[in-house]
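Please view the sequence and the structure first, then read the notes below.

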Amino acid sequence: MLTKDELPECPVATTVQLIGNKWKLLIIRNLVFNGKQRFGDFIKSIPAISKKVLTDNLRALEEDGLVERQVFAEVPPRVEYSLTELGKTLKPILDAMVAWGTDYKNKI
């Protein structure tokens with residue numbers, strides 16, 4: 001996880017740094033609106049993402065404290081991803097993006 005000194009001074013830049021690429025936003029979207037997800041769920045719902053890019057972005061979100069990974073001791077192994085309490089605070093941002101995107105599409 002980044003320290004406060006490593007984050008940009010501007011709060012908007014901090015938010016963009018943490019969730020500002022399209023893959024992270026789509027991963028967070030899935031977790032906000034669909035709850036826990038397995039790796040295959042992300043692949044199905046974000047078909048353009050490669051497995052490597054998905055893995056890299058999940059790891060980054062986990063390192064930043066927004067996503068948690070739970071491994072179940074089963075054969076075959078099962079892994080589920082969910083939002084942390086901090087990650088759940090992103091829901092109003094996603095809700096605002098849905099509202100804005102819907103409004104934009106209706107106006108053009």
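**Surface, fold and core**

The protein exposes about 7,400 Å², of which 59% is supplied by carbon and sulfur atoms. The model is predicted. Its elements comprise 6 helices and 2 strands.

**Surface and charge**
- Of the protein's 108 residues, 30% count as buried.
- The side chains include 16 positive and 14 negative ones, and the centres of these two sets lie 8 Å apart.

**Overall arrangement**
- Read from the N terminus on, the order of elements is α-α-α-α-β-β-α-α.
- Along the principal axes, the C-alpha atoms fill a box of roughly 50 × 40 × 25 Å.
- Among contacts in the protein with a separation of 6 or more, 45% are accounted for by residues 24 or more positions apart.

**The largest nonpolar core**
- The largest nonpolar core holds 20 residues, and those touching the most other members are Ile27, Ile28 and Phe42.
- At least two residues of this core are supplied by each of helix 1 (11–19), helix 2 (22–34), helix 4 (51–63) and strand 2 (78–83).
- Helix 2 gives the largest share of this core, namely 5 residues.

**The surroundings of Phe42**
- When residues up to four places away in sequence are not counted, Phe42 touches Ile27, Asn30, Leu31, Gln37, Leu54, Leu58 and Tyr81.
- One of these partners, Ile27, is also listed with Phe42 among the core residues that touch the most other members.

Notes: Residues are numbered from 1 along each chain as its sequence is written. This is a predicted model: local features need pLDDT of at least 70, side-chain atom pairs count only at pLDDT 80 or more; totals for chains, interfaces and linings use all residues. Side-chain values use heavy atoms; hydrogens and water are left out. A nonpolar core is a set of buried Ala, Val, Leu, Ile, Met, Phe, Trp, Tyr and Cys residues joined through side-chain atoms within 4.5 Å. Buried means under 20% relative accessible area, exposed over 50%, partly exposed in between (1.4 Å probe, protein chains only). Helices (H or I, at least four residues) and strands (E, at least two) are DSSP runs, numbered from the N terminus. Contact means heavy atoms within 4.5 Å. Accessible areas come from the Shrake-Rupley method with a 1.4 Å probe; for residues, only the protein chains shown count as cover. Lys and Arg count as positive and Asp and Glu as negative; His and the chain ends are not counted. The place of a charge is taken as NZ of Lys, CZ of Arg, CG of Asp or CD of Glu.
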